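The sequence and the structure come first, and the description follows.

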Amino acid sequence: MADARARDPYYVVRDDINRAITDARARVTSGATTTTTSVLKEDAEALEWEIDELARSIDIAERDRTRFKLDDEEIRARRRWVEQSRGKVRELM
């Protein structure tokens with residue numbers, strides 16, 4: 001499974017989004033200035049867009065499970081991650 005995960009673009013994008021959320025949270029906790037606040041808002045909006053795109057890819061994969069070799073649990077786990085990440089991004093705004 002580890003090899004399959006390494007080839008799955010979902011995990012690459014998910015990891016990039018996780019890093020971006022972590023970086024943005026660090027900036028928030030470090031005391032944001034007005035300029036930083038504006039940049040954080042832009043970053044949060046970009047993250048929302050990326051998460052929406054990832055959610056759409058999950059919808060596509062769910063419709064063609066045999067092609068993407070995803071079971072119900074994997075689909076549920078991906079959807080949970082999307083919802084949790086949306087919540088984290090909302091906290092940044």
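Rings of Phe, Tyr and Trp, the last taken by its six-membered ring, are counted as a pair if their centres lie within 6.5 Å, and a pair whose planes are over 60 degrees apart is called edge-to-face. In this structure, which is a predicted model, a search of the whole structure finds two aromatic pairs.

| Aromatic pair | Distance between centres | Angle between planes |
|---|---|---|
| Tyr 10 and Tyr 11 | 4.9 Å | 80 degrees |
| Tyr 10 and Trp 81 | 6.4 Å | 80 degrees |

Because the planes of Tyr 10 and Tyr 11 stand at 80 degrees, that pair is edge-to-face, and the pair of Tyr 10 with Trp 81 is likewise edge-to-face. Tyr 10 belongs to helix α2 (residues 9-29) whereas Trp 81 belongs to helix α5 (residues 72-92), so their pairing ties together parts that are 71 residues apart in sequence. Through these ring pairs Tyr 10, Tyr 11 and Trp 81 are linked into a cluster; Tyr 10 and Tyr 11 are buried, and Trp 81 is buried as well.

What sits over the ring of Tyr 10? The charged end of Arg 78 does, at 4.1 Å from the ring centre. Arg 78 lies in helix α5 and counts as buried because its relative accessibility is 6%, the cut-off being under 20%. The side chain of Arg 78 also makes polar contacts with the side chain of Asp 8, at 2.4 Å, and with that of Glu 74, at 2.7 Å. When neighbours within four places in sequence are left aside, Arg 78 is in contact with Asp 8, Tyr 10, Tyr 11, Ile 58 and Leu 70.

Helix α5 itself comprises 21 residues and reaches 31 Å from its first C-alpha to its last, close to the 30 Å expected at 1.5 Å a residue. Its buried residues are Glu 74, Ile 75, Arg 78, Trp 81, Val 82, Ser 85, Val 89 and Leu 92. Seen down the axis of α5, the buried residues fall within an arc of 120 degrees, and they therefore line one face of the helix. In an α-helix there are 3.6 residues a turn, so residues three or four places apart point the same way.

Gly 87 also has its place in helix α5, but counts as partly exposed because its relative accessibility is 21%. The C-alpha atom of Gly 87 is separated by 9.9 Å from that of Glu 48, a residue 39 residues away along the chain.

Definitions and conventions: Residues numbered from 1 in each chain as written. Predicted model: local features only at pLDDT ≥ 70, side-chain atom pairs only at ≥ 80, totals over all residues. Heavy atoms only, no water. Phe/Tyr/Trp six-rings, centres within 6.5 Å; stacked < 30°, edge-to-face > 60°. Buried < 20%, exposed > 50% of the residue type's maximum accessible area, 1.4 Å probe, protein only. Helix = DSSP H or I, 4+ residues; strand = E, 2+ residues; numbered from the N terminus. Lys NZ or Arg CZ within 6 Å of the ring centre and 35° of its normal. Expected span 1.5 Å × (residues − 1). Arc of directions from axis to C-beta. Polar contact = N/O pair within 3.5 Å; in protein donor to acceptor, adjacent residues only side chain to side chain. Contact = heavy atoms within 4.5 Å.
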